[in-house]
Amino acid sequence: MTRMEIIERKEAKAAGLQHYFTGRPCKRGHVDRRITSKGICVACTRERSARPDQAEWKKQHYQRNRSVIRQRQAEYRTRNAESLKVARQAFCRANPEIVFQWKRSDRMRRRDKIRESKKRYVEKNRERVRAAKRAYYEANADRAREDSRRAYERNKAHLIRLAKEWQKRNPEKRARIQRANLARRRQAMATSAVPFTAADLDAIFKLQRGRCGYCRVKLGKSGWHADHIVALTRGGSNARSNIQVLCRTCNLSKGAKD
């Protein structure tokens, strides 16, 4: 062990040192460094921290002195904002996996609170949220479709169950929506100037090189679906220019979305 230099507390304070060493044992018999600000032996501090009741004592101490401790912490963060920021960034770069696990566990711990917060925000800013979603979809249509398809595949059973439960709870609303969609579809088909034909489907299939228009999977000779790019219920036409061929999975997950 390296021999420590003898220095008294008064000299350590004058020199701005955090610790000092007198070479004399403390009241518990430890010959170790002492903390300059408190005069406490470092070995005694370690022993006290290792005691089983120390955690409970710290908790009670924090509860008794919460306002003072928080104020000191805030003052420390204010004084050392830049150095703390640099230290956090360096730690995050050096330990990405640890940071990821921390964030994940924090989200799991607060997930109910996060959900409630999001729900309140959406209820308070419904039009703003809809506008943001619409703008994102228009700017990233292909990505949004792919994300929707993947999300549906991951949660297919759950989404089907939710849809069936909603239909049971709202039979009249479901019937109105079905009648309105059917009426719009019939109107679009009736007003379409040149409806597509079987020959048009063959030509579109060849133009897409026999692949799904969304996921690009190879299609067989049968089992694929003819899909309206812009749904009839949203004002699309029944003309060849509004038709594409999709695999069954993509077409069913797309529904009446553009």
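Let's start in a loop: Arg 209 lies between α12 (198-207) and β3 (225-228), where helices (H or I, at least four residues) and strands (E, at least two) are DSSP runs numbered from the N terminus. This is a predicted model, in which local features need pLDDT of at least 70, side-chain atom pairs count only at pLDDT 80 or more, and totals for chains, interfaces and linings use all residues. Residues are numbered from 1 along each chain as its sequence is written, and side-chain values use heavy atoms, with hydrogens and water left out.

- Arg 209 is not a glycine, yet its phi is positive, at about 55 degrees.
- Most residues other than glycine have a negative phi.
- The relative accessible area of Arg 209 is 69%, so this residue is exposed (buried means under 20%, exposed over 50%, partly exposed in between, with a 1.4 Å probe and protein chains only).
- Arg 216 also lies in the loop between α12 and β3, and its phi is positive too, near 65 degrees.
- Arg 216 counts as partly exposed, at 40% relative accessibility.

**An aromatic pair**

- The structure holds 2 aromatic pairs (rings of Phe, Tyr and Trp, the last by its six-membered ring, pair if their centres lie within 6.5 Å; planes under 30 degrees apart count as stacked, over 60 as edge-to-face and the rest as tilted).
- One of them is stacked, because the rings of Phe 91 and Trp 102 have centres 5.4 Å apart and planes at 10 degrees.
- Phe 91 sits in helix α5 (residues 81-94) and Trp 102 in helix α6 (residues 96-109), so the pair links parts of the chain 11 residues apart.
- Phe 91 is partly exposed, with a relative accessible area of 33%, whereas Trp 102 is exposed, at 51%.

- Val 42, Ala 43 and Cys 44 are buried in helix α2 (residues 42-50).
- The buried residues of α2 pack against β1 (19-20) and β2 (34-35), with contact meaning heavy atoms within 4.5 Å.

**The whole protein**

- The protein has 13 helices and 4 strands.
- Its radius of gyration is 34 Å, while a compact globule of 258 residues would have one near 18 Å (taken over C-alpha atoms, with a globule rule of 2.2 Å times the number of residues to the power 0.38).
- The C-alpha atoms fill a box of roughly 100 × 45 × 35 Å along the principal axes.
- Of the 258 residues, 20% count as buried.
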